[in-house]
Amino acid sequence: MDRFTTDVIQGSLIAIANEMFAVLKRTAMSPIIYEVLDAGVAVTDAAGRLASSGAGIPSFINVLDKSINALIAEISVDSIQPGDVYCNNDPYRGGVTHSSDVIIMVPVFSDGCLIAWTANIAHWSDIGGAIPGSLPTDATDIFCEGLRLPLIQLIKGGKEISGVFSIMRVNSRLPDILLGDLWAGISAARRGELRIGEVVKRY
């Protein structure tokens with residue numbers, strides 16, 4: 001591949017990440033996401049190596065590829081299929097900063113082959129725990145911070161796993177906002193998936 005095409009593809013990946021961030025910012029329901037921009041997005045290759053990142057908190061980008069690497073190490077790659085969506089907020093699996101920062105991960109396929117991942121992380125307003133906001137200053141362990149979502153699957157082959165959504169909803173004091181932020185993250189990751197598919201078809 002010539003240098004010019006490589007640069008064009010790299011520019012496309014950066015534009016994709018920025019578009020993902022714009023989708024997340026415009027559709028999230030928590031002010032800490034759409035006002036403070038406490039979020040981050042990234043695109044990785046199939047092995048979870050960072051390919052591009054968008055606007056947001058720079059330190060967040062470091063946990064997105066690590067979370068995808070942890071997911072790949074924990075599940076069978078053969079079980080991953082188009083339409084899947086995974087979630088993680090567990091600091092012990094992928095280096096997430098704290099329980100309120102939730103990562104959404106979507107695999108990207110081309111002709112049946114896994115070629116990339118799109119991911120985002122955002123601070124949700126309430127994930128349960130000892131106090132509203134899920135940030136107790138007197139916490140003695142991680143269980144005070146709320147619900148832990150250790151590399152779980154939210155959607156399989158395009159179909160919601162309803163029990164997981166129910167567990168997340170009933171553990172939050174702001175269930176509607178939680179679901180809004182969840183779908184904002186899914187929408188942002190899926191927009192990245194769509195755009196990567198367009199780049200693959202073109203090049």
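This briefing describes the sheet, helices, cores and selected residues of one predicted model.

The model is a prediction in which local features need pLDDT of at least 70 and side-chain atom pairs count only at pLDDT 80 or more, whereas totals for chains, interfaces and linings use all residues. Residues are numbered from 1 along each chain as its sequence is written, and side-chain values use heavy atoms, with hydrogens and water left out. An open sheet of seven strands and a largest nonpolar core of 39 residues are described below. Helices (H or I, at least four residues) and strands (E, at least two) are DSSP runs numbered from the N terminus.

**Sheet**

- The strand order of the open sheet is 2-1-5-4-3-6-7, with antiparallel pairing; two strands pair if DSSP finds at least two bridges between them.
- Strand 2 (50-56) and strand 7 (159-160) are the edge strands, each with a single partner, so one side of each has no neighbour in the sheet.
- Strand 4 and strand 5 are joined in the antiparallel sense over 10 bridges, and V102 stands opposite A122 in strand 5.
- Strand 3 runs antiparallel to strand 6, with three bridges between them; C87 stands opposite I152 in strand 6.
- Three bridges also join strand 3 to strand 4, again antiparallel, and Y86 has M105 of strand 4 as its bridge partner.
- In a regular strand the side chains alternate between the two faces of the sheet.
- In strand 3, V85 and C87 point one way and Y86 and N88 the other way, and all are buried (buried means under 20% relative accessible area, exposed over 50% and partly exposed in between, with a 1.4 Å probe and protein chains only).

**Helix 1**

- Helix 1 has 25 residues, which should span 36 Å at 1.5 Å a residue, and its end C-alpha atoms are 36 Å apart, in agreement; the expected span is 1.5 Å times one less than the number of residues.
- At the start of helix 1, a side-chain oxygen of D2 comes to within 3.0 Å of the backbone nitrogen of F4, a polar contact (a pair of N or O atoms within 3.5 Å; within protein, one must be able to donate a hydrogen and the other to accept it, and residues adjacent in sequence count only if both atoms are side-chain atoms).
- Helix 1 lies across strand 1, strand 2 and strand 5, and runs at about 40° to strand 2; axes are lines fitted to C-alpha atoms, for helices over the stretch in contact, and angles run from 0 to 180 degrees between N-to-C directions.
- The buried residues of helix 1 are I9, S12, L13, I16, A17, M20, F21, V23 and L24, and they pack against helix 2, strand 1, strand 2, strand 5 and helix 5.
- R26, also in helix 1, is exposed at 74% relative accessibility; its C-alpha lies 9.7 Å from that of A188, 162 residues away in sequence.

**Nonpolar cores**

- A nonpolar core is a set of buried Ala, Val, Leu, Ile, Met, Phe, Trp, Tyr and Cys residues joined through side-chain atoms within 4.5 Å.
- Within the largest core, of 39 residues, L24, I104, W124, L154, M168 and L182 touch the most other members.
- Elements giving two or more residues to this core include helix 1 (3-27), strand 1 (39-45), strand 4 (101-110) and helix 4 (162-170).
- Helix 5 gives the most to this core, with nine residues.
- A second, separate core of 18 residues includes V63, L71, V96 and A119.

**Selected residues**

- I33 is in helix 2 (residues 31-34) and is buried at 1% relative accessibility.
- Beyond its neighbours within four places in sequence, I33 is in contact (heavy atoms within 4.5 Å) with residues including L24, A39, A122, W124 and D181.
- D126 occupies the loop between strand 5 (113-123) and strand 6 (152-156) and is buried, with a relative accessible area of 4%.
- A polar atom of the D126 side chain lies 2.8 Å from the backbone nitrogen of G133.
- Most residues other than glycine have a negative phi.
- D111, not a glycine, has a positive phi of about 50°; D111 lies in the loop between strand 4 and strand 5 and is exposed at 79% relative accessible area.
- L151, likewise not a glycine, has a positive phi of about 55°; L151 lies in the loop between strand 5 and strand 6 and is buried at 7%.
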